[in-house]
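Dear colleague,

Please find the structure we discussed below. I would be grateful if you could read the notes after it with the structure open.

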Amino acid sequence: MGVNEVESNRAENKVKIFALNSNRELASEIAGLLGCELGKVYVSNFSDGEIQLCVEESVRDSDVFIIQSTSDPVNEHIMELLVMIDALKRASARHINVIIPYFGYARQDRLARPREPITAKLVANLLEKAGATRVLSIDLHTDQMQGFFDIPMEHLTGIPVLSQYFKNKGLEDVVVVSPHHGSIRRARKLADILDVPLALVDERNPEEWETEIPNVIGNVKGKNAIIIDDLIDTGTTISMAAKALAENGAAGIYACCTHSVFTGKFREKIEWSPIKELVVTNTIQLPQEKNMQKVKTITVAPLLADAIDRIHNEKAVSPLFE
């Protein structure tokens, strides 16, 4: 079954999809693929900054899906999401499915130093306490975050979407590159799908990168290199990896990631790097000022629409993990 229309043996109009303020374009695209309209919700702020929210249609006994990336401004978007979940719970929604394409605070998933919080776990607790019955996200920073939830947690990946883009591009003599040790499993998945070899940039302390280019493990000379990571924030890691590949004779350098966080001097670093094209998905809605000529955005709407369709119709979501 396709995703042009939500197939259901329940009463008509029992599926409702709502968008908050972080990524309305993605939510609208998903709703269009599912053949429905976005639910009506009013979201604003009181004069002191407190969130004012009202669900403007009945959700009683409905299977509700909220689409909200907890991206910049992270705290505002998390609070919007929690308030929305509470409103739906009090309005007697049957299921409250929370779709978080980009999960903010996911990098704070362990104690890096003594007396630090594990904020990713705190956010998971807040979502459950507010009343979420299921959470779905794409490319969490680490897989173990799934264990932070005591409710169903679906962890999808954007790698098939990214791999299809590069398959269609038709590059020859390709090597997939992990920009650091933490992304090696992700790079291996892409390399397996594309049936190409794998290379690794030997991760160094970022403070050393200004004076010393990292080593590259693997043969990249004369090849089209595709760097892959889960997210790009300041652009330091990806740009230094690209410089290392250029110094080791890569013929063409491309980069891709699922989440375009893009903060600080990312534009300057990407523009001055040898990267020909940076491919990102629309898990985060990029404001106009963060767009640049090198960046190509592809959509994860079909992936999320398929997931919503499967969850609502009580079908296995596991095929989407493959």
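This is a predicted model: local features need pLDDT of at least 70, side-chain atom pairs count only at pLDDT 80 or more; totals for chains, interfaces and linings use all residues.

Residues are numbered from 1 along each chain as its sequence is written, and side-chain values use heavy atoms, with hydrogens and water left out.

The largest pocket has a volume of about 1,100 Å³. (On a 1 Å grid over the protein atoms alone, a pocket is an open set of points with protein on both sides within 12 Å along at least five of seven lines; a cavity is a set where a 1.4 Å probe fits but cannot get out; lining residues have an atom within 4 Å of a point. Points are joined across faces, edges and corners, and a volume is the space filled by probe spheres set on them.) The lining of this pocket comprises 38 residues, and Arg 107, His 141, His 180, Asp 229 and Asp 230 lie nearest its centre. By class, the lining has 14 charged, 13 polar and 11 nonpolar residues (Ala, Val, Leu, Ile, Met, Phe, Trp, Tyr, Cys and Pro count as nonpolar, Asp, Glu, Lys and Arg as charged, and the others, Gly among them, as polar). Strand E11 (224-232) is one of the elements that supply at least two lining residues, and E11 gives the most, with 4 (helices are DSSP runs of H or I with at least four residues, strands runs of E with at least two, numbered from the N terminus).

The search of the whole structure finds 1 cavity of 30 Å³ or more. Thr 70, Ile 78, Leu 81, Ile 100, Phe 103, Val 123 and Leu 127 line this cavity, and helices H2 (74-90) and H3 (119-130) each give two or more of its lining residues. No charged residue is present in that lining, which has 6 nonpolar and 1 polar.

The axes of helices H4 (159-169) and H5 come within 10 Å and cross at roughly 45° (axes are lines fitted to C-alpha atoms, for helices over the stretch in contact, with angles from 0 to 180 degrees between N-to-C directions).

Two backbone features remain. The peptide bond from Asp 72 to Pro 73 is cis, with omega near -5°; Pro 73 sits in the loop between strand E4 (63-67) and H2. Asp 195, in the loop between H5 and strand E9 (198-201), has a positive phi, near 60°.

Yours sincerely
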